[in-house]
Amino acid sequence: MNPLKIIPLKFIYRSVLVVLLMFFTISLFIVLKVNITSLKMSNSIGILNGQKLFVEFFKSENHSFFRKLNTPVFTIPKITDVAFQIATTIKPTDIRTYLGNEIPGLRMHETEIVVAGEGTNLRNLPKESAPPNRALLKERQASEEKLKENQRTDDGRLKNPENKTVFIYQSHSWESFLPVLKDVKTPDDAISSDERVNVIGLGNRLAQDLMSKGIGVEHDKTNMTQELLKKGWESTKAYVESREIVEAAAANNNQFKYFIDIHRDSLGKETTTKTINGTSYARLYFVVGKENKNYLENLEVAKALNSQLEQKYPGISRGVFLKTYKDGNGVYNQDLSDKAMLLEIGGVDNNLNELNNTIDVFSNILAEYYWKTNGSNEVNANG
């Protein structure tokens with residue numbers, strides 16, 4: 001029997017492609033005497049995902065394994081496309097690779113748009129901006145008048161289910177909103193330790209919403225400003241501090257499945273607000289850290305929630321973004337769970353009504369996803 005007949009042609013083709021690619025790359029380095037760092041090389045051939053490449057090889061040997069999938073898991077790119085990207089470091093689908101050397105600072109922004117929401121482009125990418133420690137020392141007072149307009153009557157009355165599976169926290173707890181601060185006009189000054197007007201307040205509403213849907217929640221309300229100043233740490237170490245909080249929570253309760261870190265964006269109202277059927281919402285988006293082992297799983301969760309949000313409230317999301325160490329923390333504690341998310345809600349100009357509207361919408365979507373994936377029916381937490 002001819003041994004070549006035993007080996008599928010697809011397998012032979014893929015093997016030859018990989019060998020040719022390696023030969024071409026080595027030859028190119030020798031001829032051009034190119035000195036390329038490992039990071040640059042990784043960016044250039046990032047389209048060849050090792051895990052997915054292995055899955056494709058496996059698929060070629062066992063077609064029934066992926067029979068239920070409507071689309072291929074991975075499509076091997078043309079060798080000409082890979083060669084062009086290696087030789088020029090230009091990725092045809094990313095304009096930054098064309099202009100990175102011409103526009104100062106453009107290559108510094110490595111955020112990848114996985115799902116682009118309405119109006120999302122390279123000009124309004126999420127940008128992580130933590131204030132200096134001296135800014136955190138300036139306490140901003142809440143507008144009591146605005147707080148009364150949005151006071152919730154059921155806070156503290158809801159029964160929290162005994163089995164707690166969602167952990168909510170705020171790495172940048174000081175992030176606040178101009179409309180609920182007294183005599184504050186500058187975006188950089190939208191910071192406060194008053195949990196009624198910062199992102200802790202958003203976490204509290206989300207916790208209450210989820211509890212009302214029968215989902216057990218633990219909400220951490222650590223004053224991160226206070227903790228950082230106590231340790232003499234810069235605000236850039238906020239994720240180090242929050243990691244300790246998340247690790248401690250996970251160690252005390254192995255039932256936690258979802259870890260949600262709530263933030264707000266620094267952009268203005270024109271970018272962070274959407275009116276849908278006459279109701280104004282603070283737009284949200286998801287950030288997934290690419291520098292951890294769970295990023296693919298966490299990315300799928302973010303994409304699923306984002307899709308449901310957009311189906312029911314078109315335009316409410318700005319999208320799903322991947323970040324590396326070069327453009328942020330890169331991990332965001334998401335290596336601790338395959339259902340971890342960093343959720344940015346609104347911006348400095350959004351008011352509590354807009355923010356609360358979005359929290360309520362997101363809690364509904366998350367609860368639907370939660371009960372669907374856990375194979376349970378919603379229970380009445382108050383019953």
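In which crossing, left-handed or right-handed, does H8 pass H13? The legends below take up this question and then turn to other close-up views of the model, which is a predicted one.

**Figure 1. Overview of the chain.** The predicted model contains 13 helices and nine strands. The chain has 383 residues, of which 46% are buried. Among contacts between residues at least 6 apart in sequence, 77% join residues at least 24 apart. Several of the views that follow show residues from separate parts of the sequence.

**Figure 2. The crossing of helices H8 and H13.** Two packed helices are described by the angle between their axes and the distance between the axes. Helix H8 comprises residues 199-212, and its axis comes within 9 Å of the axis of H13. The two axes cross at roughly 40 degrees, which makes H8 oblique to H13. The crossing in which H8 passes H13 is right-handed. On the H8 side, the contact is made by Leu202, Arg205, Leu206, Asp209 and Leu210. On the H13 side, the contributing residues are Leu355, Asn356, Ile359, Asp360, Phe362, Ser363 and Leu366.

**Figure 3. The packing of helices H9 and H10.** The axes of H9 and H10 lie 10 Å apart, and the helices pack at an angle of about 110 degrees. Angles of 65 to 115 degrees count as roughly perpendicular, and H9 is therefore roughly perpendicular to H10. Helix H9 contributes Met224, Glu227, Leu228 and Lys231 to the contact. Helix H10 contributes Ala238, Glu241, Ser242, Glu244 and Ile245.

**Figure 4. The loop between H9 and H10.** Ser235 lies in the loop between helix H9 (224-231) and H10. With a relative accessibility of 3%, Ser235 counts as buried. Ser235 and Ser171 are 64 residues apart along the chain, and their C-alpha atoms are separated by 9.8 Å. A further view shows Lys237, which lies over the face of Trp233 at 5.2 Å from the ring centre.

**Figure 5. The aromatic pair Phe167 and Phe256.** A pair of aromatic rings is described by the distance of the centres and the angle of the planes. A search of the whole structure finds 10 aromatic pairs. In one of them, the ring centres of Phe167 and Phe256 are 5.4 Å apart and the planes stand at 65 degrees, so the pair is edge-to-face. The pair links distant parts of the chain, 89 residues apart. Phe167 belongs to strand E2 (residues 164-169), whereas Phe256 lies in the loop between helix H10 (238-252) and strand E4 (258-263). Both residues of the pair, Phe167 and Phe256, are buried. Together with Tyr169 and Phe259, Phe167 and Phe256 form one aromatic cluster.

**Figure 6. The aromatic pair Tyr258 and Tyr370.** The ring centres of Tyr258 and Tyr370 are 5.7 Å apart and their planes are at 45 degrees, so the pair is tilted. Tyr258 lies in strand E4 and Tyr370 in helix H13 (residues 352-373), so the pair ties together parts that are 112 residues apart in sequence. Tyr258 has a relative accessible area of 1% and is buried. Tyr370, at 7% relative accessibility, also counts as buried.

**Figure 7. Residues of the loop between E2 and H8.** Ser176 is found in this loop, between E2 and H8. At 0% relative accessibility, Ser176 counts as buried. Leaving aside neighbours within four places in sequence, the contacts of Ser176 include Leu181, Ala190, Ile191, Ser192, Arg264 and Val348. Ser192 is also found in the loop between E2 and H8 and, at 3% relative accessibility, counts as buried. Ser192 and Trp174 are 18 residues apart in sequence, and the distance between them is 5.0 Å, C-alpha to C-alpha. Asp183 lies in the loop between E2 and H8, but counts as exposed, at 70% relative accessibility.

**Figure 8. Positive phi angles at Asp183 and Tyr332.** Asp183 is not a glycine, although it has a positive phi of about 55 degrees. Tyr332, likewise not a glycine, has a positive phi of about 55 degrees. Tyr332 is found in the loop between strand E8 (317-323) and strand E9 (340-345). Are these two residues buried or exposed? Asp183 counts as exposed, at 70% relative accessibility, whereas Tyr332, at 2%, counts as buried.

Notes: Residues are numbered from 1 along each chain as its sequence is written. This is a predicted model: local features need pLDDT of at least 70, side-chain atom pairs count only at pLDDT 80 or more; totals for chains, interfaces and linings use all residues. Side-chain values use heavy atoms; hydrogens and water are left out. Rings of Phe, Tyr and Trp (its six-membered ring) pair if their centres lie within 6.5 Å; planes under 30 degrees apart count as stacked, over 60 as edge-to-face and the rest as tilted. Helices (H or I, at least four residues) and strands (E, at least two) are DSSP runs, numbered from the N terminus. Buried means under 20% relative accessible area, exposed over 50%, partly exposed in between (1.4 Å probe, protein chains only). A charge sits over a ring if NZ of Lys or CZ of Arg is within 6 Å of the ring centre and within 35 degrees of the ring normal. Axes are lines fitted to C-alpha atoms, for helices over the stretch in contact, and angles run from 0 to 180 degrees between N-to-C directions. Angles under 35 degrees count as roughly parallel, over 145 as roughly antiparallel, 65 to 115 as roughly perpendicular and the rest as oblique. A crossing is left-handed if the near helix is turned anticlockwise from the far one by less than a right angle, and right-handed if clockwise. Contact means heavy atoms within 4.5 Å.
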